[in-house]
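Here's a quick tour of a protein and its DNA. Have a look at the picture first, then we'll walk through it bit by bit.

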Protein chains: 2
Amino acid sequence: MTAPTHPGAEPRVPLNRERVLRAGVALADEGGIESVSMRKLGGQLAVEAMSLYNHVANKDDLLDGMIDMVFGEIDLPSANADWKTEMRERAISAREALGRHPWATGLMDSRTTPGPATLRHHDSVIGTLREAGFSIEMAAHAFSVLDSYTYGFAMQEQSLPFETEEETAEVAETILAQLPADEYPHLAEMTIEHVLLPDYDYASEYEFGLDLILDGLERARDTA
Amino acid sequence: MTAPTHPGAEPRVPLNRERVLRAGVALADEGGIESVSMRKLGGQLAVEAMSLYNHVANKDDLLDGMIDMVFGEIDLPSANADWKTEMRERAISAREALGRHPWATGLMDSRTTPGPATLRHHDSVIGTLREAGFSIEMAAHAFSVLDSYTYGFAMQEQSLPFETEEETAEVAETILAQLPADEYPHLAEMTIEHVLLPDYDYASEYEFGLDLILDGLERARDTA
DNA sequence: TTTCGTAGGTTTACGCTGTAAGTTATACAC
DNA sequence: GTGTATAACTTACAGCGTAAACCTACGAAA
C-alpha cells in the first residue's frame, strides 16, 4: 500500500529550529527556566530528547535561540517620532517583553553570542540616536545607560515575590512582621508608609527612572 | 591513650556555615557558578557532599548565603560626606563587588530572600537618602533607579566576552569580521570608530550613567 | 570510670540531567 | 525498486541534588 506503513500513523509534521525554540519559550514561560530540560522539551513536541539535537547544537544553543526570540518581540524604533519618544517606547516595549518571559533576564548574563534579532535591535537603537544628533561616544553612553537600567529593572522586578497589588500588600505585611524594625528602621518605614499603601505599584517605578535618564541624555547631548 | 584514636589523625577542624559559604564563593570565583556542586564544594573542604547539609538547608540556601556575602562586601554610606558623594561611592563599590564575583549578578534574579547583609545595605542607603531630604516616595524612586542601573550594568559587563583593553580590540575585530556590515551599519560604525579605538574601556561607561542619574535625582528632589 | 545523648560526619540510593554513540525508519531522486 | 540523506529513536554514562540510614567522636551526667 502507498499509505503510511502502519494504519494509525499520522503523517508526522517535521520538527524544525523555529518550532523547537518556540516550544522552549512556551515551556519556560509556563514552568520557569528550570523546567526546560531536553527530555521535557522533547515531551512537549512528542519526540525523544535526542531528536532535538538535529535542530539545536546543544542546550546553550537552545537558550541562545530562546533569548533571541524574546529580543524579537521588542518593538523597533520606527523613525516616525522624535528620538525621545522612540527611545521611550522601545524601552517600555523591552521591559514588557522581559516581563512576559521572566526567565530571560537571568539567562542574559551568561549568553555572549547575540542572535540576529538582538543585533537588529541594537543596530536600530543606535541608528535612531545617531540620526537624532548623538555623537558616536554619546550614542554609546546612551545605549549603555538605557539598556543597563532596563535589564536591571527587569531583574529586580523578577526577584520580587509578588505580582498583583493585593499580593504586594500581603507579602509586604508578612515580611514586615519578620523584619526587626529596630535593626532596619528605614526599610521598615518605607515598607509601612509607601509599599503598603493601596496604590503602590512597583512596575510604575520604571517610567520614573526612564524619564530621568532620557532627560539627562538630552541635556548631555546638547551640552557636549 | 588520651591522644586521638589513631596516630596520624589530625584534630579535624569542624565545618560551619561561614566556612561553607566562603568556600562556595571562592569556588564560584574560580570556576564559575556551574562548577559549584555540592560534591565539588565538599571536595574543597575535604568532606563528603552530604556533610554540607549540616550547615546549609539546601543548595538554594547555599546560593542565598553566597549572594549575601557579596552584599557584605559593599561599602555602606558613612554619613561623612554629602548624599551624592556617598551614593556615588557605594554604587561604585557595589559594581566592584559584582565585578569581583561575576556569578552573583545572574543569580540575583532568582533569589527572593535577602540576607542580613543585604537588608543592612538597603537600610543604610535609604537612610542616607532620607536624611538628605528625599521624601519617602523620592527615596524609593532613587533607590530603584540606582540599583537597577548598577545590576543591569554589571550584567551587561559580564556578558561581554573580554576583560582587558587588548582583548577588547581583538574580540571586537573578529566579531566585526563576521558581522554583515550592510545589515547592521550603525553597529559596525560604532565598533570601528569607538570600540576599536585604543582607549576604549567599557567599565568607564558606568560612571557616565551614574552621574547622569545622580544629577537627575538631585533635580527631582529639589523640584518635588 | 562508665554511660549516653547529640552534633556532625559518612554511605548508599534514587530519580533527574546533558549528551555521545550507534541504530533505525522515513521520504524523496533516479 | 533501489540508493541516499535526513531525522528520528535507543542505549548508555557520568554527574547532579538530596532523602534516609548509619557511624563515630565528644561533653556531660551518673
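A polar contact is a pair of N or O atoms within 3.5 Å; within protein, one must be able to donate a hydrogen and the other to accept it, and residues adjacent in sequence count only if both atoms are side-chain atoms. Here's one to start with: a side-chain N or O atom of H55(B) sits 2.7 Å from a phosphate oxygen of DNA strand C. Keep in mind that this is a predicted model, where local features need pLDDT of at least 70, side-chain atom pairs count only at pLDDT 80 or more, and totals for chains, interfaces and linings use all residues. Residues are numbered from 1 along each chain as its sequence is written, chains are lettered from A and ligands numbered from 1 in the order in which they are written, and side-chain values use heavy atoms, with hydrogens and water left out.

**How confident is the predictor?**

- pLDDT is the predictor's confidence in each residue, from 0 to 100; chain A averages 90, and 94% of its residues reach 70 or more.
- Residues 1-11 of chain A are another story: pLDDT stays under 50 there. For that stretch, the model has 1 contact (heavy atoms within 4.5 Å) beyond four places in sequence.

**Two copies of the chain**

- The same surface serves both copies, as 100% of the contact residues of chain B recur in chain A.

**Around DNA strand C**

- A residue is near a strand if one of its heavy atoms lies within 4 Å of it. There are 19 residues around DNA strand C, and R39(A), Y53(A), K59(A), S51(B) and H55(B) come nearest.
- Of the atoms of DNA strand C within 4 Å of the protein, sugar and phosphate account for 54%.
- Which helix gives the largest share of the surface near DNA strand C? That's helix α2 (residues 38-44) of chain A, with 3 residues. Helices here are DSSP runs (H or I, at least four residues), numbered from the N terminus.
- The side chain of S37(A) has an N or O atom 3.0 Å from a phosphate oxygen of DNA strand C.
- N54(B) goes for a base instead: a side-chain N or O atom of N54(B) is 3.0 Å from a base nitrogen of DNA strand C.
- By class, this surface has 7 nonpolar, 6 polar and 6 charged residues. Ala, Val, Leu, Ile, Met, Phe, Trp, Tyr, Cys and Pro count as nonpolar, Asp, Glu, Lys and Arg as charged, and the others, Gly among them, as polar.

**Around DNA strand D**

- DNA strand D is surrounded by 18 residues, and the closest are E48(A), S51(A), R39(B), Y53(B) and K59(B).
- Sugar or phosphate makes up 56% of the DNA strand D atoms within 4 Å of the protein, and the rest belong to bases.
- R39(B) has a side-chain N or O atom 2.6 Å from a base nitrogen of DNA strand D.

**Buried spots in the protein**

- Buried means under 20% relative accessible area (1.4 Å probe, protein chains only), exposed over 50%, and partly exposed in between. T150(A) counts as buried because its relative accessibility is 2%.
- T150(A) is found in helix α7 (residues 136-158) of chain A, and its side chain makes a 2.8 Å polar contact with the side chain of Y206(A).
- Q158(B), in helix α7 of chain B, is buried too, at 18%. The side chains of Q158(B) and T105(B) are joined by a polar contact of 2.7 Å.
- Leaving aside neighbours within four places in sequence, Q158(B) is in contact with residues including D109(A) and P102(B).
- F162(B) lies in the loop between α7 (136-158) and α8 (165-178) of chain B, and F162(B) is buried, with a relative accessible area of 15%.

Notes:
Helices (H or I, at least four residues) and strands (E, at least two) are DSSP runs, numbered from the N terminus.
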